Amino acid sequence: MDMMIVLQMILASIGGAALYTLIGIAPGTDETAVLAPVTIALVLVGVSPYVILSFFIAAIVAKKLTDSIPVAIAGIPGGVMSAPMVEHAMVLKTHGLPDQSIKKMSSGSVVGTLVSIPTSFLIANLILPYADKISEYAGLIFFLGAIFLALMTKNKILSLAIIVPFALLIQGLRHLYWGLEIVPSDVTVFVSFFLGITIGPIAFKLFELLNNDFRKNLPGLGNKEISLKSAKKEKGFPNPFNILTKKETASSAFGSFIGAVTFFLSPVGMTVFLGEFLTRHIKDPVQRASRAISTMDGLTNAAYISGTLVPLIAIGLPLSPMAIGPAAGLFNAPPVFTPEHNIHHLLSMGEIMTATIIGAIIAILITFYVTIKYASQICAFVFKYIPHEALIGLFAGLVVMLAFMDAGWINIFGTMLIALVSGLLHKNGVNYGVLFMILYAAPWLLGVLS
């Protein structure tokens with residue numbers, strides 16, 4: 001690894017931290033929808049895998065650091081993973097402590113990053129001897145993963161019932177493309193189908209709005225007023241261990257460790273469960289809320305980092321909710337990355353560690369500092385001048401472009417079909433993770449059934 005690559009990794013980390021600092025503050029930005037398309041696009045244009053990994057780690061750390069800001073200030077989740085913290089953040093806001101809420105969450109996120117990186121490499125080393133065996137049964141593992149996640153969702157029966165039909169839809173479109181000779185028989189369309197699932201809820205909602213009767217029955221909300229309270233100015237570089245109490249630091253570190261170890265489980269489920277379990281004995285509402293949000297933010301960051309690093313280092317297959325979602329481009333972005341040729345195969349463990357540390361440190365130095373110093377100002381800027389619709393339009397446009405690159409014009413409509421079916425299923429209680437697992441398991445599953 002020469003100095004030019006290291007410089008590129010540093011610059012990419014700075015760019016990722018800066019970009020996702022702003023995106024993290026924008027309300028309602030789903031992690032998969034905003035991370036996966038950009039990562040895949042970087043892979044497809046031929047960016048160095050060292051640079052891609054540094055960018056991704058910086059982006060995820062920055063996103064998890066800043067999605068706490070709209071939660072604390074306005075009670076609006078900055079992303080899916082920050083939704084469980086809204087209730088506790090509102091307790092602190094009610095007591096006039098939104099600035100403390102931001103500091104506690106951001107500091108917990110830093111603790112989560114610091115704990116999860118060494119833990120992830122330790123777990124990966126323990127799994128490494130069994131990697132070949134796990135790879136042999138990848139199709140079966142994805143299928144069992146789909147069943148497991150289906151049993152964890154709101155609508156268990158529908159989630160289980162849809163496994164085979166959704167696999168048929170995916171493989172049916174692939175065979176259609178092969179039969180029409182749109183793509184060669186040795187090319188498997190993957191990226192656009194993955195992104196179709198990602199934008200499913202958005203696409204379905206937009207098509208619902210084309211129904212005049214549905215649109216007329218929607219409630220008119222008018223302009224929403226959001227009050228922003230100025231936070232106290234900090235001097236020097238903020239120290240997360242001074243912001244958190246000893247008990248909050250210990251709770252956040254423990255939660256982060258458990259989140260890293262349980263990387264294969266749902267991060268949202270673990271966040272809610274552990275956050276409540278570790279704080280329910282605290283009687284004082286302010287202390288309980290402070291402990292809960294710092295623990296939850298640490299756990300979510302740890303779950304995201306370990307969910308990326310452990311499968312990437314040990315196996316090379318996306319065997320975690322994080323790996324099959326936001327981090328999917330690191331494992332599979334044909335024709336550049338495939339399950340047999342991705343960052344796992346291209347980078348050594350030492351190189352993955354170097355890229356991870358560079359991305360994480362730069363994101364912490366930039367985003368943590370900015371979050372603590374200028375949270376209210378940045379949040380006000382984003383709420384005033386960056387419409388949520390603009391971000392959605394940007395990523396939807398990127399999906400259309402990648403769908404065209406995958407298999408031409410017809411695949412734009414194929415991806416739209418995947419998106420609409422996924423959106424309908426998601427609306428009726430089928431989790432993203434189930435659909436992603438089916439996408440990976442489809443070739444194996446249809447092979448067994450045929």
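Colleague: In which helix does M322 lie?

Modeller: M322 belongs to helix α18, residues 321-324. Helices here are DSSP runs of H or I with at least four residues, and strands are E runs of at least two, numbered from the N terminus. Residues are numbered from 1 along each chain as its sequence is written, and side-chain values use heavy atoms, with hydrogens and water left out. This is a predicted model, in which local features need pLDDT of at least 70 and side-chain atom pairs count only at pLDDT 80 or more, while totals for chains, interfaces and linings use all residues.

Colleague: Why is M322 called buried?

Modeller: The relative accessible area of M322 is 2%. Buried means under 20%, exposed means over 50%, and partly exposed lies in between, with a 1.4 Å probe and protein chains only. M322 is therefore buried. M322 and T32 are 290 residues apart in sequence, yet their C-alpha atoms are 8.5 Å apart in space.

Colleague: What makes G307 a buried residue?

Modeller: The relative accessibility of G307 is 0%, so G307 counts as buried. G307 is placed in helix α17, residues 285-314. From G307 to F263 the C-alpha distance is 4.7 Å, although 44 residues separate the two in sequence.

Colleague: Are K205 and E208 buried or exposed?

Modeller: K205, at 40% relative accessible area, is partly exposed, whereas E208, at 12%, counts as buried.

Colleague: Why are α8 and α23 called roughly antiparallel?

Modeller: Two packed helices are described by the angle between their axes and the distance between the axes. Axes are lines fitted to C-alpha atoms, for helices over the stretch in contact, and angles run from 0 to 180 degrees between N-to-C directions. Angles under 35 degrees count as roughly parallel, over 145 as roughly antiparallel, 65 to 115 as roughly perpendicular and the rest as oblique. The axes of α8 (residues 138-152) and α23 (residues 432-449) come within 8 Å and cross at roughly 150°, and the two helices are therefore roughly antiparallel. The crossing is left-handed; this term applies if the near helix is turned anticlockwise from the far one by less than a right angle, and right-handed applies if clockwise.

Colleague: What makes α3 and α6 roughly antiparallel?

Modeller: Helix α3 (residues 49-66) and α6 pack at an angle of about 150°, with their axes 8 Å apart. The two are therefore roughly antiparallel to each other. The crossing of α3 and α6 is right-handed.

Colleague: Why is E181 called exposed, and what is noted about its phi?

Modeller: The relative accessible area of E181 is 70%, and E181 is therefore exposed. E181 lies in the loop between α10 (163-179) and α11 (191-198). Most residues other than glycine have a negative phi, and most peptide bonds are trans. The phi of E181 is near 60°, a positive value in a residue other than glycine.

Colleague: Which residues does a cis peptide bond join?

Modeller: P334 and P335 are joined by a cis peptide bond, with omega about 5°. P335 lies in the loop between α19 (328-331) and α20 (343-346).
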